[in-house]
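Welcome, and please take a moment to look over the chain before reading on. We will go through it together, one region at a time.

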Amino acid sequence: METKQRRIRLNAALRDLASSESLNYKKLIQPLFIVEGLNEREKMDSLPDVFRDTERSVLKQVESDLKAGVTHFILFLVPELKSNTELPKSFYERAISSLKKEFPESFLWIDTCMCSLTTHGHCGLLHKDGSIDNPSSVKHLSEIALAYALSGADGIAPSDMMDGRVASHRRILDTNGFSQVPVMSYSTKFKSNFYGPFRAAADSAPGHGDRSSYQIDVRNREDSILSSIRDQEEGADFLMVKPGMTSIDLIGPIREKTGLPTGAYQVSGEFASIHYLAQNGFCDFDSALRETWQIFSRAGSAYLITYAARRGKEIFQ
Ligand code: PBG
């Protein structure tokens, strides 16, 4: 393990995530979906207590989440118009700055990807033959990251899995005065069957093909670990495995090899499966959820993105 000085200064909220304590409610990150042009917030049938929020309803949601003890949020911004060239900068600006203005104590990570933006639902731009155009994707994604930072994002969370995106985000952030904005990379992200409910929420299912050319193959352990090491070398501050439960064996090795706080994303399909079991009388939702969180903690997960972060205090008791 390299012993390098930490690149950014950690404020109190980031120190909670980075600490090597067991998981506790301060280490949970609450996902929020903000949908441009939506008139009324929509409930998600597969994810209990998760909503597709309007720009207005999300303010109430964050107010009540802060009261419940949440500090960290990850925002998924779903623009009304799909475009492969234009960035919906005014939507980003409104969505992020109105939350920051109202709730400066919140820590807002913004998921950086193109799948909710593009006409084809892939995480990057495509060549004419349908294959991924990695260099133009990285350039476009970095412009998104900068637009988020300019709108007041506290942290950038790239989930697209294009090669070299962490280095490129770091460069554009640093050269524009955002060297203290941390990057939390989805550093070991698998091609998975467990993202289904999310894709409905974020309007981001690929129109054709799948994500196997840019997401990792679950059968390959070396690739999985190397992918996180590369992101560390490119300047990521926080690493992540995803889906969480099916990558539990990788958290320890990644943390040991990189020395970086490594967390997990308990993804929509994992969360929904607990919900469906409970709904059919096969388990108690809260105890089953607590069990999964205890397992993430045992595995050394430094933080956890989970749809029930807002119930963290209650469930961890
Ligand atoms: C965007 C993204 C996805 C998730 C987080 N960011 C979907 C995907 O890669 O297809 C999944 C999260 C979840 O299932 O809860 N790329």
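What follows is a short walk from the core to the strands, then to a helix and a loop.

This is a predicted model, in which local features need pLDDT of at least 70 and side-chain atom pairs count only at pLDDT 80 or more, while totals for chains, interfaces and linings use all residues. Residues are numbered from 1 along each chain as its sequence is written, and side-chain values use heavy atoms, with hydrogens and water left out.

In soluble globular proteins, nonpolar side chains tend to be buried together. A nonpolar core here is a set of buried Ala, Val, Leu, Ile, Met, Phe, Trp, Tyr and Cys residues joined through side-chain atoms within 4.5 Å; buried means under 20% relative accessible area, exposed over 50%, and partly exposed in between, using a 1.4 Å probe and protein chains only. The largest such core has 103 residues, and Leu75, Leu77, Trp109, Tyr148, Met184 and Tyr265 have the most contacts inside it. Helix H4 (residues 134-151) gives the most to this core, with eight residues. Helices (H or I, at least four residues) and strands (E, at least two) are DSSP runs, numbered from the N terminus. Setting aside residues up to four places away in sequence, Tyr148 touches Leu77, Tyr92, Ile96, Ile110, Asp111, Thr112, Ala153 and Ile156, where contact means heavy atoms within 4.5 Å.

Now turn to strand E8 (residues 239-242). Leu239 and Val241 point one way from E8, Met240 and Lys242 point the other way, and all are buried. Two strands pair if DSSP finds at least two bridges between them. Strand E7 (residues 188-189) pairs with E8 in the parallel sense over two bridges, and Thr188 has Val241 as its bridge partner in E8. E8 also runs parallel to strand E9 (residues 262-265), joined by three bridges; here Met240 is partnered by Gly263.

Next comes helix H7 (residues 221-233), which has 13 residues. Its buried residues include Ser224, Ile225 and Ile229, and the buried residues of H7 pack against helix H5 (165-175), E7, E8 and H8. Just after H7, Gly235 takes a positive phi of about 110°.

Last, visit the loop between strand E2 (42-43) and strand E3 (51-53), where Ser46 is found. Is Ser46 buried or exposed? Ser46 is buried, because its relative accessible area is 13%. Beyond its neighbours within four places in sequence, Ser46 is in contact with Pro197, Ala272, His275 and Tyr276.

Terms used: The expected span of a helix is 1.5 Å times one less than its number of residues.
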